[in-house]
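Here is my note for a colleague opening this model for the first time. Please keep the structure in view while reading the points.

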Amino acid sequence: MGWLRKKFTVPADWNGKRIILHFQAVGGDCKVFLNGEKIGGNFDSTIPFSFDVTDKIKKGAENIVVLGIRSNSFFNNQGKYGKITYAPGGGRNLGIWQDVYLLALPDIYVTDVFIKPEVSQNRLSAEITIHNSTKENKTLNISADIQEWINLTGKDSLSAPEVKWKLGDPVLKMASKEIVIPANKDVVVDLQTNVDNNLKYWNFETPNLYGMTVSLGNKDKMVDKKYERFGWREFRISGKNILLNGKAVQLLGDAQHLQNTISLTRRFAWSWFRLLKDCGANAARLHALVYPECYH
């Protein structure tokens, strides 16, 4: 087993927050220890996983997180998905190969926003998951605003891959809904609204994008917000045809495996997609595993 250790300090003003230790991807059989105590493990290669370490972490003081990692080839364990007896994605990526970070969250927070652009039904929907880590049922209001997503990056190969954007004018709003979140439970809330030509289509030539900001709170206090980017587009299969926003399209593209650390960067992803675009392609197959967020 290989051992990896990291020392870090949590800000003292994180008192009163839920603190989540998040791993975007660790390959192999992984055991996680915090300040000498085992807090869990993971047997996978590509799927993110997290631990709520609120009651185990020291605020305003030094902490130590240690990972022990063994190759999944040593085991005949079944992974979380499918019938294979090794971690999905195989044994190529071993160790920490994507980001690790801490999240400071309120006691009640939005964990996921799944946006569904139902173009054929003139409807924008969102499935929003909310977690209540308190011991009491809570009643709150939830709503969502949709704004233009404006790209501010440069045009050359050095500045174009950098992250630089802003949200523009509001174009849609999902009406507020009152919800009850049970104590120590998750609840999934559906929000939806008719689009009525207020959103521009995403397609291969004009990839218009929007940002959805979900707000959770009441008239006295905003509890949490979460943002997701999306395009107003819908792919469907009809007979032998692939339809994009109701029109038949032909997908022409490329596929690859992630081979090394260079391919984990935004600059590599941008360069590959730019190359495909210049060659007249309109698709990329992200093959065999969950790719880093910079590819999305």
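1. Start with the second largest pocket, which holds about 230 Å³ of space. A pocket is found on a 1 Å grid over the protein atoms alone: an open set of points where a 1.4 Å probe fits, with protein on both sides within 12 Å along at least five of seven lines. Its volume is the space filled by probe spheres set on the points, which are joined across faces, edges and corners.

2. The model is predicted: local features need pLDDT of at least 70, side-chain atom pairs count only at pLDDT 80 or more, and totals for chains, interfaces and linings use all residues. Residues are numbered from 1 along each chain as its sequence is written, and side-chain values use heavy atoms, with hydrogens and water left out.

3. Which residues line the second largest pocket? Among them are Leu 4, Phe 8, Phe 23, Val 65 and Tyr 101; a lining residue has an atom within 4 Å of a point. Strand E1 (2-9), E2, strand E6 (62-70) and E8 each give two or more residues. E1 has the largest share, with 4 residues. Strands here are DSSP runs (E, at least two residues), numbered from the N terminus.

4. By class, that lining has 10 nonpolar, no polar and 2 charged residues. Ala, Val, Leu, Ile, Met, Phe, Trp, Tyr, Cys and Pro count as nonpolar, Asp, Glu, Lys and Arg as charged, and the others, Gly among them, as polar.

5. E2 also sits in an open sheet of 3 strands, in the order E5-E2-E8, with antiparallel pairing. Two strands pair if DSSP finds at least two bridges between them. E5 (49-52) and E8 (100-105) are the edge strands; each has a single partner, so one side of each lacks a neighbour in the sheet.

6. Strand E2 (residues 18-23) is joined to E5 by 4 bridges. Phe 23 has Phe 49 in E5 as its bridge partner.

7. Two asparagines deserve a look. Asn 35 has a positive phi near 50° and lies in the loop between strand E3 (26-34) and strand E4 (37-44). For Asn 184, phi is near 55°, also positive; its loop runs between strand E12 (165-181) and strand E13 (185-194).

8. Buried means under 20% relative accessible area, exposed over 50%, partly exposed in between (1.4 Å probe, protein chains only).

9. How many disulfides are there? The search of the whole structure finds 0, a disulfide being a pair of cysteine sulfur atoms within 2.5 Å. Cys 279 is exposed at 62% relative accessibility; Cys 294 is partly exposed at 22%.
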